[in-house]
Amino acid sequence: MRLLGIDDLPACQRLAEDRDWGREDHKWRFLFSVGDVYGIDDENGELAGTVISTPYGKDVAAISMVLVAKRYERRGLGGRLMRHAMDNTSTASFCLTATDFGRPLYERLGFRTVGLCTAYTGVAEGLSKRGVSVPVEASDMPAVHALDTEVFGADRSEMVKGLPSFCESFRVVRNGHGIAGFGGAWKNEDRTMVGPVTAQDTETALTLVDEVTPPGPVRLDIDHRHPELITWAEAHGLRPAFTTTIMEYGAPINGDPSRLYTPVAQALG
């Protein structure tokens with residue numbers, strides 16, 4: 001087991017393709033910049049598995065990219081990778097989003113289900129572009145950071161700092177008291193991911209989704225606690241693609257999911 005560096009990115013991408021995932025170059029590079037990427041090599045020096053732990057201070061770490069090469073599956077490598085990441089991350093809680101394939105492993109490790117998330121995909125139709133949000137400015141970022149910390153339940157300063165450059169579009173809605181919400185969209189291979197969207201109320205969230213969603217193929221990862229966003233997605237021509245399980249480990253995360261409408265990525269919580 002070793003800590004990987006950006007030079008290991010091509011090997012990570014080969015492993016992802018082995019599991020029928022995309023190369024996701026933009027996402028991998030961002031995860032390398034904010035998280036700890038661990039890997040295990042086989043006897044031939046090829047990468048046999050990966051896991052990423054992205055710690056947010058001492059409160060929460062997001063676990064992601066738990067990948068094991070097909071030739072080594074069902075040999076306990078997934079559990080070994082998870083335990084290594086958790087043993088080397090000093091946070092009170094962990095979070096992850098699990099596929100049906102991975103969920104039994106996480107349940108054996110003590111993770112508990114706290115929600116469901118469905119990916120809606122397609123080409124969005126009838127976007128209104130209400131003209132309420134504005135491109136983020138440097139002076140907005142302290143308020144964006146404060147709102148993200150309050151809503152997520154942990155200080156994600158490094159991740160938040162990188163959002164304006166990571167996202168193709170990153171916008172805020174201002175009100176008389178500061179920032180009412182922020183939203184972004186970023187390119188992931190052949191489609192645009194709409195997220196994060198964090199807002200003080202549903203109307204602000206829907207405004208941001210309207211205004212950051214571009215023409216062409218898109219994906220929104222929608223927590224089932226936001227039926228109004230599911231209604232928006234279906235009304236704009238998007239359809240459910242797959243559902244994942246939101247899971248936690250350790251102390252309950254002291255966030256407010258009612259104001260977290262879509263994540264940056266499932267890999268980041």
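Gly 183 has Val 197 in strand E10 as its bridge partner. This briefing concerns a predicted model.

**Strand E9 and its partners**

- Strand E9 pairs with strand E10 in the antiparallel sense, over seven bridges.
- The two strands E9 and E10 form a hairpin with two residues between them. In this turn, Glu 189 has a positive phi of about 60°.
- Strand E8 also pairs with E9 in the antiparallel sense, and seven bridges link them.
- Ser 169 is placed opposite Ala 185 of E9.
- Strand E9 is mostly covered, with nine of its eleven residues buried.

**Helix H6 and its cover**

- Helix H6 spans residues 157-166, and its buried residues are Met 159, Val 160, Gly 162, Leu 163 and Phe 166.
- An α-helix has 3.6 residues a turn, so residues three or four places apart point the same way.
- The cover over the buried residues of H6 includes the strands E8 (169-175), E9 (178-188) and E10 (191-199).
- Strand E3 (47-56) also contributes to this cover, as do helix H2 (25-34) and helix H5 (141-152).

**Trp 232 in helix H8**

- Trp 232 belongs to helix H8, which runs over residues 227-235.
- Its relative accessible area is 6%; because the cut-off for a buried residue is under 20%, Trp 232 counts as buried.
- Leaving out residues up to four places away in sequence, Trp 232 touches Leu 127, Leu 206, Val 209, Asp 210, Thr 213, Leu 220 and Leu 238.
- Trp 232 and Ala 124 are 108 residues apart along the chain, and their C-alpha atoms are separated by 10.0 Å.

**Glu 248 in strand E12**

- Glu 248 is located in strand E12, which comprises residues 239-250.
- Glu 248 is classed as buried because its relative accessibility of 13% falls within the range under 20%.
- With neighbours within four places in sequence set aside, the contacts of Glu 248 include Phe 94 and Cys 95, together with Gly 110, Phe 111, Arg 112 and Val 114. Ile 253 is also in contact with Glu 248.

Notes
Residues are numbered from 1 along each chain as its sequence is written. This is a predicted model: local features need pLDDT of at least 70, side-chain atom pairs count only at pLDDT 80 or more; totals for chains, interfaces and linings use all residues. Side-chain values use heavy atoms; hydrogens and water are left out. Helices (H or I, at least four residues) and strands (E, at least two) are DSSP runs, numbered from the N terminus. Buried means under 20% relative accessible area, exposed over 50%, partly exposed in between (1.4 Å probe, protein chains only). Contact means heavy atoms within 4.5 Å. Two strands pair if DSSP finds at least two bridges between them.
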